[in-house]
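Please look over the sequence and the model shown here. The report that follows goes through a few residues, a helix, the ring pairs and the nonpolar cores.

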Amino acid sequence: MAGAEASAEAFPPAQALLQSAVHAIQDGRWDDLTELLQSNAGALQAARSRLQRKEALGKQAGLKVAKIADAEGSPPPRQSSKAAEAGCADASPDSGAAARARGGILEGVGGLFAACWRWADRAPWQAVFLVQVIVVLAFAPALTYEGYKMDDAVAIERNPNVVADEVPFAELMSRDFWGLPMHGSGWTNKSFRPLTTLSFRLNYLLHGLQSSGFFVANILMHCMSSIIVGISGVSFVGLPGSYAALASLFFGVHPVHTENVLYLVGRADVLASIFGILALVVYAKLYCPPPPVALAEGDPRAPKASASWSVWMVLPILLVVASGLCKESGFTLFGLFLLMELLDFIDEHSAAARAGQRLTAKQWRSRRSRVIMLVVTTFFVLVLRYRHTGGTALNMSPQDNPISFESSRMVRMLSYAYLHGVYMKLLCWPQLLCYDYSMDAIPAVRTALDVRMMLPLTIYVAFFGALSLAFRAPPRYRRAVLLSLALLVVTFLPASNILFPVGTVIGERLLYTPSAGFCLALLVALHGVIS
C-alpha cells in the first residue's frame with residue numbers, strides 16, 4: 001500500500017497529464033510531448049496493465065455466463081442458410097480486402113483533415129485566405145452578370161456623383177446615396193454614404209458603365225470582408241485558427257449575403273463591415289486582446305495589450321467613422337469598443353479581488369481616459385452627422401413600410417417583433433430569399449394570439465438562454481460569446497424598427513454585419529461543446 005501511494009504521488013493525475021498532452025499537440029510542441037510521455041512512461045504502463053486485467057476479467061465473466069446457459073440447456077442461436085452464405089461471402093478474401101481498402105481511405109482522409117486542422121491553428125491568416133477560394137466559387141456565376149436592376153440604376157447609372165465628368169467635393173458632400181440633394185424641398189432619405197459612392201465612381205472611371213466590373217468588385221469586397229471576419233475570430237474573440245477559418249467560410253458562403261453581392265447597392269453594407277470589423281480587430285489588438293478560448297485560465301501565453309497610449313485610438317476611431325460613411329449602421333460599432341473596455345475591467349477587477357489586491361492607479365487612469373475619449377468622440381460624430389444631413393426623418397410611403405403607417409401601436413409592436421423572428425430565421429435557415437418585401441409581402445400581426453408570434457417568442461427565449469449560458473461560462477468563453485452576440489445585436493438595432501422606423505419591411509442586405517456576429521457566436525459555441 002505504501003509503495004502504491006508513493007507511486008501515485010510520483011506521477012501527475014491522469015486528467016492533468018491528458019490536458020498537458022492535448023495542449024502540446026494543439027501548439028505543435030512535439031518535443032515537449034515526447035518528453036512528457038517518456039517522463040510518465042511508468043504511469044502509462046500501469047494504466048495499460050490495469051486495462052488489460054479489466055478486459056481479462058470481462059472475458060472470464062462472459063465464459064461463466066456461457067457455461068451457465070449450456071447447463072440450463074438453452075441452444076445456441078442458429079443461422080439460416082442464407083445468413084450463413086452471406087457470412088461466408090463477407091468472410092471471403094475479396095470482401096476483407098475491400099474493407100481494409102475502405103478503412104485505409106477513411107484513415108487517410110481523417111489524417112489529412114487532422115493535419116489541415118493543425119496547420120490552420122498554426123497559420124490562421126493563411127487558412128482564412130485559402131477558404132476564400134470556396135467563397136469565390138460560390139459567387140462565380142455573378143462574374144458574367146450584366147445590367148442594373150431597380151435601385152442599382154438610380155444609385156449608379158443616373159447618379160451625378162458617379163457618372164458626371166467632374167465631381168466637386170462640395171457636390172459629393174451635399175447629395176445623398178441616390179445623388180439627390182439632402183437640403184431643400186426635394187425628396188431624400190438622408191442616406192449619406194460618400195465612401196460607397198466614391199467606390200462606384202472608381203468603378204466608373206475604370207470601365208465606364210460596363211456592369212460586370214461592378215459585380216467583380218462586389219465579389220472581391222465580399223471576400224475581403226470574409227477575411228476580416230476570420231481574422232476577428234482570432235483577434236477579437238480568441239478562437240483558434242481552425243475555428244476562425246470555419247467562421248470566415250461560413251460567413252463567406254452564407255446564402256443571406258446574396259443580395260449584398262448581386263444587388264450592387266448592397267455594397268454599402270459590405271464596405272461598412274470591412275471598415276467596422278477591422279476597427280474592432282485593431283482596437284482589440286491595441287488595448288483589449290482576448291484570452292484565447294483554447295487556453296486555461298491564467299495561462300501566461302495569453303496575449304497582452306500592445307499599446308498603452310490613448311493616442312493610438314485615432315486609428316480604430318477613424319475606421320469606425322469610415323464604416324459609418326459607407327452605411328449609417330457602422331457608427332453603432334463605437335458601442336463595441338465600450339463593451340470591450342467594460343468586460344476587461346470586470347475581469348481585471350475580479351482577478352485582483354481574488355488575489356486580495358486592488359487595481360493600480362495606472363490601470364484606472366489609462367482605461368478611464370480611453371472610455372472618456374470614446375464617449376466624447378461618439379457624441380461628437382453623431383451630432384455632426386445629424387447636423388450635416390438635417391435630421392433623420394424619412395419621407396417614406398406606405399408601400400415601402402406599411403407597418404409603420406398602422407394606427408395601432410400594439411399592431412406595430414407585434415408586427416416588428418415578428419419581423420425580428422423573420423430576420424433570425426433568415427440567419428438560421430435561409431431557405432427562401434426575396435429581394436423585395438415591400439407593400440403587403442408580410443401582413444401585419446394584429447393580435448398576440450396570431451400563430452406567427454411563436455417565431456419571435458422562440459427567438460427571444462433562445463437569445464436570453466444564450467445570454468444566461470454565457471454568464472455562467474468560464475471568463476474566456478463568456479467574453480467571446482458576449483462580444484459576438486453584441487456584434488449581432490448592436491449592428492442590427494438600426495434595422496430593428498426599435499429606435500426609429502426604417503424604409504423597408506425586411507432587407508436581407510441589412511443582415512450583413514450582424515451575420516458576422518452570428519457566425520462568430522456559433523463557432524465559439526461549437527468550440528465550447530467540442531472542447
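F345 has a relative accessible area of 25%, so F345 counts as partly exposed; buried means under 20% relative accessible area, exposed over 50%, and partly exposed in between, with a 1.4 Å probe and protein chains only. F345 belongs to helix α18, residues 334-354. Helices (H or I, at least four residues) and strands (E, at least two) are DSSP runs, numbered from the N terminus. Leaving aside neighbours within four places in sequence, F345 is in contact with L359, W364 and R367, where contact means heavy atoms within 4.5 Å. F345 and R367 are 22 residues apart in sequence, and their C-alpha atoms are 8.2 Å apart in space.

This is a predicted model, in which local features need pLDDT of at least 70 and side-chain atom pairs count only at pLDDT 80 or more, while totals for chains, interfaces and linings use all residues. Residues are numbered from 1 along each chain as its sequence is written, and side-chain values use heavy atoms, with hydrogens and water left out.

**The protein as a whole**

The protein has 23 helices and zero strands. Of its 531 residues, 40% count as buried. Among contacts between residues at least 6 apart in sequence, 74% join residues at least 24 apart. The structure holds zero disulfides, a disulfide being a pair of cysteine sulfur atoms within 2.5 Å. C288 is buried at 0% relative accessibility, and C519 is buried with a relative accessible area of 0%.

**Aromatic rings**

A pair of aromatic rings is described by the distance of the centres and the angle of the planes. Rings of Phe, Tyr and Trp (its six-membered ring) pair if their centres lie within 6.5 Å; planes under 30 degrees apart count as stacked, over 60 as edge-to-face and the rest as tilted. The count by this rule is 13 aromatic pairs. Two of the pairs are set out below.

| Pair | Centre distance | Plane angle | Class |
|---|---|---|---|
| F177 and W178 | 4.9 Å | 70 degrees | edge-to-face |
| F200 and F214 | 6.3 Å | 55 degrees | tilted |

F200 lies in helix α12 (residues 194-207) and F214 in helix α13 (residues 211-235), so this pair ties together parts that are 14 residues apart in sequence. F200 is buried, with a relative accessible area of 1%, and F214 is buried at 0%. F177 and W178 are buried too. Ring pairs link Y148, F177, W178, F200 and F214 into a cluster.

Charges also sit over rings here: R193 lies over the face of F177, at 4.9 Å from the ring centre, and the charged end of R452 is over the ring of Y418, 5.1 Å from its centre. The rule asks for NZ of Lys or CZ of Arg within 6 Å of the ring centre and within 35 degrees of the ring normal.

**Helix α12**

How far apart are the end C-alpha atoms of α12? They are 20 Å apart, which agrees with the 20 Å that its 14 residues should span at 1.5 Å a residue; the expected span is 1.5 Å times one less than the number of residues. The buried residues of α12 are P194, T196, T197, S199, F200, R201 and N203. They pack against α9 (151-157), α10 (160-163), α11 (169-174), α13 and α16. After α12 comes G208, with a positive phi near 65 degrees.

**Nonpolar cores**

A nonpolar core is a set of buried Ala, Val, Leu, Ile, Met, Phe, Trp, Tyr and Cys residues joined through side-chain atoms within 4.5 Å. The largest core has 78 residues, of which F337, M340 and I506 touch the most other members. Helix α16 (residues 267-286) gives the largest share of this core, eleven residues. Another core, of 13 residues, lies apart from it and includes A153, F214, Y263 and L264. Outside the four places on either side in sequence, M340 is in contact with F236, L280, Y283, A284, C288, R479 and L483.

**Positive phi angles**

Most residues other than glycine have a negative phi, and most peptide bonds are trans. M150 is not a glycine, yet its phi is positive, about 45 degrees. M150 lies in the loop between α8 (132-138) and α9 and is partly exposed, with a relative accessible area of 45%. N497, also not a glycine, has a positive phi of about 65 degrees. N497 lies in the loop between α22 (475-492) and α23 (512-530) and counts as buried at 8% relative accessibility.
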